[in-house]
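Here is a short tour of one protein model, written to be read with the coordinates open beside it. Let's go through it piece by piece.

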Amino acid sequence: VSTQSTWVDPTGGLLKEFIDINNRVFNHFNESDLKRMGVHVCPGADSDSTHSADVDYIELLPQLFNLKVHNFYLEMAAEPEQERVLQIVQKYSKPHQRIFVGVIDVNNPMVETPEEVCERVMLAAKYIPLERLGTCDDCGYAPFCDDISTVRVTAFEKIKSRVLGTQMASMKLALKMVGIEQS
C-alpha cells in the first residue's frame, strides 16, 4: 500500500484498491498468521528523505485500518501533529489491532533521551489502550547501511533509548494503574 496513491487519486479510490488487493492476499492466511503480520506506515525515510510528508494521515489511516493484518507500525516521532494523529488512530483502529507508535526519529541524527521516548509513550497511552500499544522506530535502520549521515553507533544508541524509554513508561503506567502517581 503506498502513501503516494493519494497523490495519484485524491478520492482514495486507488488506496482502496491497494487495500483490497492486499486483503485478497491476506485471505490466504489463517488467523494465527495474521496476528503476526503488520504494515508499516511512514512518509518515507530513505536517504534522509520524507518524500510523502505532505500526505496527511487522515487521508490514509481510516482506510488502512481496513487491512486484515493485526499490527500497524506508525511513524510518529517525526510527526508534527502527534496528538491529532493519535486521535485518528483512536477513532479508526479496530479493537483487535495493535498499534506500534514510532518513538525514534531515524532521520534525525540527534539521539533521543529515554525521557523523551517515555513522554511519547505516555502521550500515546492516552489514546490507545495499553494492551494494544507498542513502540517502534519511525522506520527501520536499513538505510543506514548506505546512508553516511547516520552512523551505526548512533543507530544503536537510538535503539537503547527506545528500550529504556519504553521501560520507563511501562513502569509509570503500571504505577498509575494501581493508583500511585509519580512526578
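A residue counts as buried when its relative accessible area is under 20%, as exposed when that area is over 50%, and as partly exposed in between. Please keep in mind that this is a predicted model.

## An aromatic pair

With those cut-offs, Y73 is partly exposed, because its relative accessible area is 26%. F100 counts as buried, since its relative accessibility is 13%.

The structure holds 2 aromatic pairs. One of them joins Y73 and F100: the ring centres are 4.6 Å apart and the planes meet at 20°, so this pair is stacked. The cut-off behind that label is an angle under 30 degrees between the planes. Y73 belongs to strand β2 and F100 to strand β3, so the pair ties together parts that lie 27 residues apart in sequence.

## The sheet

Where do those two strands sit? They belong to an open sheet of 4 strands, ordered β1-β2-β3-β4, with parallel pairing. Its edge strands are β1 and β4 (133-137), each of which pairs on one side only. From one strand to the next, the twist averages 25°.

## Helix α2

Helix α2 covers residues 13-26, which makes 14 residues. From its first C-alpha to its last it reaches 20 Å, close to the 20 Å expected at 1.5 Å a residue.

Which residues of α2 are buried? They are L15, I19, N23 and F26. Looking down the axis of α2, you would find these buried residues within an arc of 75°, so they line one face of the helix.

Methods
Residues are numbered from 1 along each chain as its sequence is written. This is a predicted model: local features need pLDDT of at least 70, side-chain atom pairs count only at pLDDT 80 or more; totals for chains, interfaces and linings use all residues. Side-chain values use heavy atoms; hydrogens and water are left out. The expected span of a helix is 1.5 Å times one less than its number of residues. Buried means under 20% relative accessible area, exposed over 50%, partly exposed in between (1.4 Å probe, protein chains only). The arc is that of the directions from the helix axis to the C-beta atoms. Two strands pair if DSSP finds at least two bridges between them. Axes are lines fitted to C-alpha atoms, for helices over the stretch in contact, and angles run from 0 to 180 degrees between N-to-C directions. Rings of Phe, Tyr and Trp (its six-membered ring) pair if their centres lie within 6.5 Å; planes under 30 degrees apart count as stacked, over 60 as edge-to-face and the rest as tilted.
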